Amino acid sequence: MAIAAAITLPPSVVNHHSLSSARSASLSFSRLSATSFQQLNTFKPIIVSAGKNQLGFRIFSSMAVQAPEASSTTSVLDRRESGVLHFVKYHGLGNDFILVDNRDSTEPKVTPEQAVKLCDRNFGIGADGVIFAMAGINGTDYTMRIFNSDGSEPEMCGNGVRCFARFIAELENLNGKQRNIILRELFTVHTGAGLIVPEIQEDGKVKVDMGEPVLKASDVPTKLAPNKDQSVVKARLDVDGSIWNVTCVSMGNPHCIVFSTETSEDLEVDKLNLAEIGPKFEHHMVFPARTNTEFVQVFSPSHVKMRVWERGAGATLACGTGACAVVVAAVLEGRTGRSCRVDLPGGPLDIEWREDDNHIYMTGPAEVAFYGSVPL
């Protein structure tokens, strides 16, 4: 696979995040003025030079972006070129994804192996995963599939589904469908975790009905013995000689939530060496499908802070399903109420576990980093 990305940045996101993302793809480009972006979808890349690295990517050592032509209305997302992948890079609180319009095919346009290379932050575009917007099945409007940065396919991703919702809104408006999808439009998404219903709010944030949490130990899944009905709540887990108290929750994907240890009732999450302990939880024998792990510090009954080690992605800036699982676990352990602000390294999410329908609702941002195209 060759990577030769042509990048366009929306004017509102020419910032440290988007520039860092572009640098991670080993590209340099000229920064345009705000007026140059008035017709965002009409850029023309000028390739200056090219070479190959050890992974077999074709990387452009420099790139310039020409000002848009006023007469052209061609969009990056409207293009259909054989052997070229057009994408939009989104992030939800720094948890970043490559979004691909895959509605014309029932199979993802890139393989898991290609996804690994695309997600590489040194030799690829750089991302925590590749998300495919596909046609709906079983009566849903759309289907969402995702490959993690290690090529594995998770059931769902909370931050990813918010990015997916904004991407769908852009595609719908691009195709001229008068559904007012930007303002409080609901649509249904089929995922490996079941039905997900996102709603784009008037302030641009995305509220997602994440469905009901799964608490039965064998369905999470975990081999830990249930200690509260059929659930695992504040159970002792030996991880490389240290005893942690864990609660297990599934949001369609498995989560192990930690608030305390054998020697400390309250964690100070910033002091944890996540890179050292995260993999030990992820690959622990009591989690047959591996697990995401959240380490949580409680500030008040409505405010917590978490750090996450994601299954298949490692330490990330945010995890939407993880934030949902954290609030469920906090309620089960009697640490918080059902509505919480959850602080993540990339920013806050608002999570509510409603008692009337047992559903969890997540609200947070999703933003465009840049548009691009890569040869496959």
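Guide: In this discussion, helices (H or I, at least four residues) and strands (E, at least two) are DSSP runs, numbered from the N terminus. The model under discussion is predicted.

Visitor: How many strands are there in the protein chain?

Guide: The elements are counted as the DSSP runs just described. The protein chain has 5 helices. The count of strands is 20.

Visitor: What percentage of the residues in the protein chain is buried?

Guide: A residue counts as buried when its relative accessible area is under 20%. The protein chain has 376 residues, and the share of them that is buried is 54%.

Visitor: What share of the contacts with a separation of 6 or more comes from residues 24 or more positions apart?

Guide: A contact requires heavy atoms within 4.5 Å. Among contacts in the protein chain with a separation of 6 or more, residues 24 or more positions apart account for 63%.

Visitor: Which residues have the most contacts inside the largest nonpolar core?

Guide: The largest nonpolar core has 58 residues. Its largest share, 9 residues, is supplied by helix α5 (residues 320–332). Apart from it lies another core of 22 residues, including Val-220 and Leu-267. Within the largest core, the residues with the most contacts are Met-306, Val-342 and Ile-351.

Visitor: Which side chain of opposite charge is nearest to Glu-294?

Guide: Glu-294 belongs to strand β14 (residues 292–300). Glu-294 is buried yet has no salt bridge. A salt bridge would need a side-chain nitrogen of Lys or Arg within 4 Å of a carboxyl oxygen, whereas the nearest side chain of opposite charge is 9.8 Å away and belongs to Arg-311.

Visitor: Which side chain does a polar contact of 2.9 Å join to that of Glu-294?

Guide: Leaving aside residues up to four places away in sequence, Glu-294 touches residues including Cys-256, Met-306, Arg-307 and His-255. The polar contact of 2.9 Å joins the side chain of Glu-294 to that of His-255.

Visitor: Is Asp-270 buried or exposed?

Guide: Asp-270 forms a salt bridge with Lys-305, with the closest N and O atoms 2.6 Å apart. The pair links the loop between β13 (254–261) and α4 (274–282), where Asp-270 lies, to strand β15, which holds Lys-305. Lys-305 has 23% relative accessibility and counts as partly exposed. Because Asp-270 has 52% relative accessibility and the cut-off is over 50%, Asp-270 counts as exposed.

Visitor: How many disulfides does a search of the whole structure find?

Guide: A disulfide is a covalent bond between the sulfur atoms of two cysteines. The cut-off is a pair of cysteine sulfur atoms within 2.5 Å. For the whole structure, the search gives a count of 0.

Visitor: Which cysteine sulfur is nearest to that of Cys-324?

Guide: Cys-324 is buried, with a relative accessible area of 0%. Cys-324 is in no disulfide, and the nearest cysteine sulfur, 8.6 Å away, is that of Cys-319.

Visitor: How far apart in space are Cys-157 and Ile-146, C-alpha to C-alpha?

Guide: Cys-157 lies in the loop between β7 and α3 and is buried at 7% relative accessibility. Among the residues that Cys-157 touches, not counting those up to four places away in sequence, are Asn-95, Phe-97, Thr-321 and Ile-146. Cys-157 and Ile-146 are 11 residues apart in sequence, and their C-alpha to C-alpha distance is 8.0 Å.

Definitions and conventions:
Residues numbered from 1 in each chain as written. Predicted model: local features only at pLDDT ≥ 70, side-chain atom pairs only at ≥ 80, totals over all residues. Heavy atoms only, no water. Buried < 20%, exposed > 50% of the residue type's maximum accessible area, 1.4 Å probe, protein only. Lys, Arg positive; Asp, Glu negative; His and termini not counted. Polar contact = N/O pair within 3.5 Å; in protein donor to acceptor, adjacent residues only side chain to side chain. Core = buried A, V, L, I, M, F, W, Y, C linked by side-chain atoms within 4.5 Å.
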